[in-house]
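Please consult the sequence and the structure while reading.

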Amino acid sequence: MEDKKVIIVTGANSGIGFEAAKGLCQLGHDVVISVRDDAKGETTVSAIKAEVPEAQLMYITMEMSDPQSIRDFVEKFLATGKPLHVLINNAGLSKGFRSAERFTARDDALLEITMIVNCMGPFLLTHLLLEKLKESGTESSPARIVNVSSSLTLRKAPPPNGLTLANLMLEGDAYKSGYQAYRNSKLALNLWSNLLAAKLEGSSVILNTVCPGFIPGTGLARDSLTSHASAFAFGLLDSFVGRLFVNTKPVSEGQKRLIKMALDKETQTNGVFYYDDKPGSEAPEVLDQDNIDKIWDLCVKYSAL
């Protein structure tokens, strides 16, 4: 086996996060998972150790919508004294805009929850762990950041328009599409990922984004298509109509893609968006220079960095 690595996987109590954490344990790596509460953490660790008794695995709780919770997670991780070789930002959320939980309150402002969890939370977590990653990486074996994105970024935006940095939180009655909220959050994730990758060029850390595939077996997909019964669900179905059964992927394939991004020599790249297991093109919004110039400041602002 290659050298044992310490790997953080966020959102690992179900779906591809769970399977990736288990697969990394099976390969002999030291895995730290984030979960939202102790009950989920204990259940997840027990489930993985039931299949991988020798697993080096621990959990630390973290709520991705709460900057203080993210800071607490980092503090607890640093207190373990472990190095950090790979950060997999897998945790994600989709909330239908009919949900009462569309916004979260912070400092008398209402912030759109999908954007906060999918984009701003990972932005803050990544920056708080960046020095730790730099300590572990080398030129020949750089530390890695893997940001889980979506091919929905490549699909046409619903009305009224696509990514609007002037209204990143989609305030107002015109913005009630859960599909749009999810797509925007992943566009913003790709934007800051590319900027950070450029800033990291020549360092001991690399960053890539990956679409693991449309995987109905994940908790995120179940939430979107069942409990929230939202415009996002209809957007998903519309996006894949006629090709649904061709494009769906099993959880096992998503797991393999995350592990490949974390470990393989083939994916030792920087600033690349992987789609269908190979480097892919980016959405026009991600390539727009105006978006590139503005997204960083917005991420700093909304992540409370």
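## The sheet

In what order do the 8 strands of the open sheet stand? The order is 3-2-1-4-7-8-9-10, and the pairing is mixed; two strands pair if DSSP finds at least two bridges between them. Helices (H or I, at least four residues) and strands (E, at least two) are DSSP runs, numbered from the N terminus. Strand 3 and strand 10 (278-279) lie at the edges with a single partner strand each, so one side of each has no neighbour in the sheet.

The model is predicted: local features need pLDDT of at least 70 and side-chain atom pairs count only at pLDDT 80 or more, whereas totals for chains, interfaces and linings use all residues. Residues are numbered from 1 along each chain as its sequence is written, and side-chain values use heavy atoms, with hydrogens and water left out.

## Parallel strand pairs

Strand 2 (residues 30-35) pairs with strand 3 (residues 56-61) in the parallel sense over 6 bridges. Within this pair, I33 has Y59 of strand 3 as its bridge partner.

Contact means heavy atoms within 4.5 Å. Axes are lines fitted to C-alpha atoms, for helices over the stretch in contact, and angles run from 0 to 180 degrees between N-to-C directions. Helix 5 lies across strand 7, strand 8 and strand 9 (273-275), at about 160 degrees to strand 8.

Two packed helices are described by the angle between their axes and the distance between the axes. The axes of helix 4 (residues 113-136) and helix 5 (residues 178-200) come within 8 Å and cross at roughly 20 degrees. The two helices are therefore roughly parallel; angles under 35 degrees count as roughly parallel, over 145 as roughly antiparallel, 65 to 115 as roughly perpendicular and the rest as oblique. Their crossing is right-handed (the near helix is turned clockwise from the far one by less than a right angle). Among the contact residues are F123 and L130 of helix 4 and W192 and L196 of helix 5. By class, the contact holds 12 nonpolar, 6 polar and 2 charged residues. Ala, Val, Leu, Ile, Met, Phe, Trp, Tyr, Cys and Pro count as nonpolar, Asp, Glu, Lys and Arg as charged, and the others, Gly among them, as polar.

Helix 3 (residues 67-79) packs against helix 4 at an angle of about 25 degrees, with the axes 10 Å apart. Helix 3 is therefore roughly parallel to helix 4, and the crossing is right-handed. Residues that meet there include F73 and F77 of helix 3 and L124 and L128 of helix 4. This contact has 10 nonpolar, 1 polar and 2 charged residues.

## Helix 1 with helix 2

Helix 1 (residues 15-26) and helix 2 pack at about 45 degrees, with their axes 10 Å apart. Helix 1 is therefore oblique to helix 2, and this crossing is right-handed. F18, A21, K22 and C25 of helix 1 meet T44, A47, I48 and E51 of helix 2. These residues divide into 5 nonpolar, 1 polar and 2 charged.
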